[in-house]
Amino acid sequence: MSEANSAPERQGLTPRQARRVRIALSATIMIAVGAVLALRLGSTHSVLTMGFYGFALILSGSALVLSKAGRTRVATAVLGAGVALVLAAEWAVASLR
């Protein structure tokens, strides 16, 4: 057997597939954040709400651009931490009222 045949097969996604998955995830989250922003603005007209969800939209867009540039792990960290931060901040502001 040659050395090429004895090499273990790679498990998981290829880098291109991982980029596509993260781009789709970023776009989906961006659409969801936009929809939630529209619903929240219908029920409450808060500048903080608009700021929080605007920030989430910016982070989703940044993650999308990072994924397209091949920085998929950074994009995932930005997207996950950003959305978690926005949701926590929105919850904290809502609990103060």
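Guide: In this predicted model, Ser 26 has a relative accessible area of 1%, and because the cut-off for a buried residue is under 20%, Ser 26 counts as buried. Ser 26 lies in helix α2, which comprises residues 15-43. Leaving aside residues up to four places away in sequence, Ser 26 is in contact with Ser 60, Ala 63, Leu 64 and Leu 79.

Helix α3 is formed by residues 47-68. The axes of α2 and α3 are 9 Å apart, and the two helices pack at an angle of about 165°. Angles over 145 degrees count as roughly antiparallel, and α2 and α3 are therefore roughly antiparallel to each other. Their crossing is left-handed. The residues that make up the contact of α2 with α3 comprise 14 nonpolar, six polar and four charged ones.

Leu 79, one of the residues touched by Ser 26, belongs to the buried set of helix α4. That set also includes Thr 72, Ala 75, Gly 82, Val 86, Glu 90 and Val 93. The buried residues of α4 pack against both α2 and α3. Helix α4 itself runs over residues 72-96, 25 residues in number. From its first C-alpha to its last, α4 reaches 36 Å, which is close to the 36 Å expected at 1.5 Å a residue.

Terms used:
Residues are numbered from 1 along each chain as its sequence is written. This is a predicted model: local features need pLDDT of at least 70, side-chain atom pairs count only at pLDDT 80 or more; totals for chains, interfaces and linings use all residues. Side-chain values use heavy atoms; hydrogens and water are left out. Helices (H or I, at least four residues) and strands (E, at least two) are DSSP runs, numbered from the N terminus. Buried means under 20% relative accessible area, exposed over 50%, partly exposed in between (1.4 Å probe, protein chains only). Contact means heavy atoms within 4.5 Å. Axes are lines fitted to C-alpha atoms, for helices over the stretch in contact, and angles run from 0 to 180 degrees between N-to-C directions. Angles under 35 degrees count as roughly parallel, over 145 as roughly antiparallel, 65 to 115 as roughly perpendicular and the rest as oblique. A crossing is left-handed if the near helix is turned anticlockwise from the far one by less than a right angle, and right-handed if clockwise. Ala, Val, Leu, Ile, Met, Phe, Trp, Tyr, Cys and Pro count as nonpolar, Asp, Glu, Lys and Arg as charged, and the others, Gly among them, as polar. The expected span of a helix is 1.5 Å times one less than its number of residues.
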